Amino acid sequence: MSPGCDREPSVKQINRPEGDSLRVKELEKKVRELSGQLEMANLVFDHIQTGAVVTDCRGVITKFNKPYSEFLGVKVDEAIGRSVLDVIDNTRMHIVAQTGEPEIMLAQRIKGKEMIVQRIPINKDGKVIAVYGQVMFKDTEEVHHLAKRLELMDSKVKLYEKELSELRKTRCSLSSIKGDSEVLTQLRYEAGKAAEHTLPVLITGESGTGKGIFAQAIHQASANRLHPFVQINCSAIPKELFESELFGYAKGAFTGALSGGKPGKFELAQGGTLFLDEIGEMPLDMQPKLLQVLEEKVFERVGGTEPKRAHCRIIAATNTNLEEMIPKKLFRRDLFYRLNVVRLHIPPLRSHPEDIEQIANYLLEQMAEQFQGLRYQLTPEAMNILVNYGWPGNVRELNNVLERTLALMKGNIIRIEDLPFHLRTTTRPLKNKGGPWDIREILFETEKKILIDVLAFTRNNKAKAAKLLGVDRSAFYRKMVRFSIPI
């Protein structure tokens, strides 16, 4: 350089303003961030297990992943910059760049194999700037195999739905509620009418009368029978866990919560029926929350903020008198009115003894299903014992008595001596036809019981029974007819 030329200053001689230095650092940071993002994008692209390619709007390859490179036998560096027509057989990437119309799940023959591909235009400011192409299935046989698997799974689901429906019909349908008495006939009719809509139902009755069976029967007879029937026993849940059981909880709602949260009974019952058993035991502070969900049809998980729809039918049951609990501030009046839209009262078994024989035989049929080819029968004398017992535990007690009897007896004929001792020594409470101390009724019931016990003792040998009682056989038969004891 000639002495007269100005010498260019070195970097050390430049005194940059402090603002420029900060700007340079910011730019360097952004460059590093963009480089990291670009590297991650390249890694993701190369890890797509099937072939993937990107072209510009002219059909020139700008991205080409390793799986596609290995399949076509073309190096990545050699493919980039070339026309897609020169690299991939029968491609339509350039056509999609012109039309701007995506092509999804179409067949394309590549290297002699039929493959399923997709071609998606990438738009910016209303113009196609690139096209993304991907091999979805390397062979059409994969699609056929997947279709067959889906078809098989669909068939299995339909089969399971049918089997579940049939099982529910036999176990929990209105027809499985046995008894021809006037009260049960009317109850089945009312339950059938309740199944025609989705209004709340309140089922009342003593413990063991079958409130849960009626609830399931209503669900099974409704249009929502294929959706879940979810039951929650309000007396079995600790007070502090009640809200999360009913509404579920969100991620991190409390210490020990599942990492992904947990759905509550309302979510699990979506589209179906939520059965609130022992509703009278629901904590008082939970009752307004339930009322709000019933009225607004919306709830949130504990610790969550996302509103969820409560799309399910509510059936509640109780063995307590909710009307008596209201003045005592144990149950909310507004919640009672909201639940008590359709009311079903299940009477105790002792009030319709004419149904006991049919119910007992039905329960024995259900128990016999556990042992193929076996059929249990009650002797007339044993059946009389069942019919004349008071059943304070109702149908549940009857079921337990029969299960216990079958477990301890030999053979398949149930006799008086096979029944629990307390049934043989207890009679039904006397009906007060002529007053609380009607001597005629007491004598009638006492004589009838003596005849039944003697017949049991003699294994239904009427000649022996008559001899033990000191009467002739014709007189004994007249007494059997008088007391409606099957001959």
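Predicted model: local features only at pLDDT ≥ 70, side-chain atom pairs only at ≥ 80, totals over all residues.
Lys329 is placed in the loop between α12 (322-325) and α13 (333-339). With a relative accessibility of 63%, Lys329 counts as exposed.

## Packing of α14 and α15

Two packed helices are described by the angle between their axes and by the distance between the axes. For helix α14 (residues 356-368) and helix α15 (residues 380-388), the angle is about 115° and the axes lie 9 Å apart. The crossing of α14 and α15 is right-handed.

The contact brings Ile356, Glu357, Ala360 and Asn361 of α14 to Met383, Leu386 and Val387 of α15. By class, the residues of this contact comprise five nonpolar, one polar and one charged.

An α-helix has 3.6 residues a turn, so residues three or four places apart point the same way. In helix α19 (residues 462-469), the buried residues are Lys462, Ala465 and Ala466. Seen down the axis of α19, these buried residues fall within an arc of 100°, so they line one face of the helix. Lys464, Lys467 and Leu468 are exposed on the other side of α19.

Helix α20 spans residues 473-482, and Ala475, Phe476 and Met480 are buried in it. Viewed down the axis of α20, its buried residues fall within an arc of 145°, so they line one face of the helix. The face turned away from the buried side of α20 carries the exposed residues Arg478 and Val481. Just after α20, Ser484 takes a positive phi of about 55°.

## Cysteines and disulfides

A disulfide is a covalent bond between the sulfur atoms of two cysteines. When a disulfide is taken as a pair of cysteine sulfur atoms within 2.5 Å, the count comes to zero disulfides.

Cys57 counts as partly exposed, at 42% relative accessibility. Cys312, by contrast, is buried, with a relative accessible area of 14%.

Terms used: Residues numbered from 1 in each chain as written. Heavy atoms only, no water. Axes fitted to C-alpha atoms, helices over the stretch in contact; angles between N-to-C directions. Helix = DSSP H or I, 4+ residues; strand = E, 2+ residues; numbered from the N terminus. Left-handed = near helix turned anticlockwise from the far one by under 90°. Contact = heavy atoms within 4.5 Å. Nonpolar A, V, L, I, M, F, W, Y, C, P; charged D, E, K, R; others polar. Buried < 20%, exposed > 50% of the residue type's maximum accessible area, 1.4 Å probe, protein only. Arc of directions from axis to C-beta.
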